[in-house]
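Morning, everyone. I have one structure to walk through, and I'll keep it short. Please look at the screen.

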Amino acid sequence: MAQRADVHALYERAVQDPPTDVKFFAKTYRRLRDHEPLSMREDFCGTAALCLAWVRAGADRTAIGVDLSQETMDWGRTNRIEPAGGDLADRIELRCADVREVGKTKVDLTCALNFSYCTFKTRAALLEYFTAVHEGLNRDGVFILDLLGGSESMGEDVTDNDLGDFVYRWEQARFNIITHEILCYIHFLFPDGSKLERAYSYDWRLWTAPELRELLLEAGFSKVHFFWEKTDRRGDGTGVFFEPDYVENQDLWWTFMAAER
Ligand SMILES: C[S@@+](CC[C@H](N)C(=O)[O-])C[C@H]1O[C@@H](n2cnc3c(N)ncnc32)[C@H](O)[C@@H]1O
C-alpha cells in the first residue's frame, strides 16, 4: 500500500482543508476592509490546493502560488487544477521561486499556512520574508498566517490521526528550548503494515505570537490581529473567530494571525 500511495494526495488529506481556509480568508478580509478580495497569493503553495479553492469560490478571483518545488506544483496542476475544468487553470499562476522574491503583481491577500514560514530561523530571514509580503500587497492588502503553540508543541511527541485507509503520524522529534528549533516528521502508516516513514521533514524555528507581531510591524504592516476560534459546549471549534486580549495556554493549539498593510 505504501508503494502504491501518492504522498501529495496523502498530505492534502492529512493536513489541509482548503474550502474552510479560503472562507476564513475572505471573511477576515471583509471584516478588516469592508469589500471583497479578488487576488490571492499562496506562499509555500505546494500542490496549490488553496489557489484552486480560492478561484473555485468566485468567478472574478485569481490566484498566484509560490513554491521552490516545481515538481510539487506540477503535481497540483496535473492532478487537481487541470482536471477541475472551466477557466480555473487560466486564473491560477504558479511560480517556482523563493517567497522572499517579490513578483511584480500585487495582490489583495497573501497567505502562508501550515507554519511554513518557520523555515526562516533568524529574525533577519523572517523579517526579509515579511517585508517581501508587505511589498507584494495592494495598498489595502492583508496577510494571513497560522501559528502553532502550547506546552506540548515545545517538546518531543508523536500523534496518530486515523483517517480510515491510512494513519497520519505527526512526530516532533526534537525541540531545543534554547533556540526554539524544532524537527518534525510526517509519516504515513497503512493497514497492511507498510509505511512511508519521514514522508515530509520540517526543520523549523517555532516562533511565538509576540515575536511574529513585532516582526510584522517592523516589516511595515500597520496593524496585527490575533484570532482565536470560539468553541461549543463540547470544546469543538465552531469556525467563528474573535480577537481576545488574553488566552490561557493549552496543551496544543493552532490559530491565525492577520496583518494589515
Ligand atoms: C509545509 S509545506 C506547505 C504546503 C501547503 N502550502 C500547506 O499549507 O500545507 C512547505 C512548502 O514550502 C516550500 N518552501 C520551503 N521554503 C520555501 C521558500 N523559501 N520559498 C518558497 N517555497 C518554499 C516547500 O517546497 C514546500 O512545498
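First, a term: a residue is near a molecule if one of its heavy atoms lies within 4 Å of it. And a caution: this is a predicted model.

Let's start with the ligand. There are 17 residues around it, and Tyr11, Phe44, Asp67, Val99 and Asn114 come nearest. By class, that shell has 9 nonpolar, 5 polar and 3 charged residues.

In the side chain of Asn114, an N or O atom sits 2.7 Å from an oxygen atom of the ligand. The side chain of Gln16 also has an N or O atom facing a ligand oxygen, at 3.3 Å. Leu68 uses its backbone: a polar atom there is 3.2 Å from a ligand nitrogen. How much of the ligand does the protein cover? On its own, the ligand has 600 Å² of accessible area, and the protein covers 84% of that.

Next, the aromatics. A pair of aromatic rings is described by the distance of the centres and the angle of the planes. The whole structure has 22 aromatic pairs. Phe44 pairs edge-to-face with Tyr129, at 5.5 Å centre to centre and 70 degrees between the planes. The two are 85 residues apart: Phe44 is in the loop between strand S1 and H3, and Tyr129 is in helix H5. Buried or exposed, what is Tyr129? Tyr129 counts as buried, because its relative accessibility is 0% and the cut-off is under 20%. Phe44, at 21%, counts as partly exposed. Both belong to one aromatic cluster, together with Tyr117, Phe120, Phe130, Phe143 and Phe221.

A second pair is Trp170 with Tyr202. This one is tilted, with 6.1 Å between centres and 35 degrees between planes. Trp170 lies in strand S7 and Tyr202 in strand S9, so the pair ties together parts 32 residues apart in sequence. Both residues are buried.

On to Phe166. You'll find Phe166 in the loop between strands S6 and S7. Phe166 is buried, with a relative accessible area of 2%. Which residues does Phe166 touch, leaving aside those up to four places away in sequence? They are Leu10, Arg13, Ala14, Asn161, Phe188, Leu189 and Phe190. Glu152 is 14 residues from Phe166 along the chain, and their C-alpha atoms are separated by 24 Å.

Last stop, helix H3, residues 49–56. H3 is mostly covered, with 7 of its 8 residues buried. Among them are Cys51 and Trp54.

That's my tour. Questions, please.

Conventions. Residues numbered from 1 in each chain as written. Predicted model: local features only at pLDDT ≥ 70, side-chain atom pairs only at ≥ 80, totals over all residues. Heavy atoms only, no water. Polar contact = N/O pair within 3.5 Å; in protein donor to acceptor, adjacent residues only side chain to side chain. Areas by Shrake-Rupley, 256 points an atom, 1.4 Å probe, with all protein chains shown as cover. Nonpolar A, V, L, I, M, F, W, Y, C, P; charged D, E, K, R; others polar. Helix = DSSP H or I, 4+ residues; strand = E, 2+ residues; numbered from the N terminus. Buried < 20%, exposed > 50% of the residue type's maximum accessible area, 1.4 Å probe, protein only. Contact = heavy atoms within 4.5 Å. Phe/Tyr/Trp six-rings, centres within 6.5 Å; stacked < 30°, edge-to-face > 60°.
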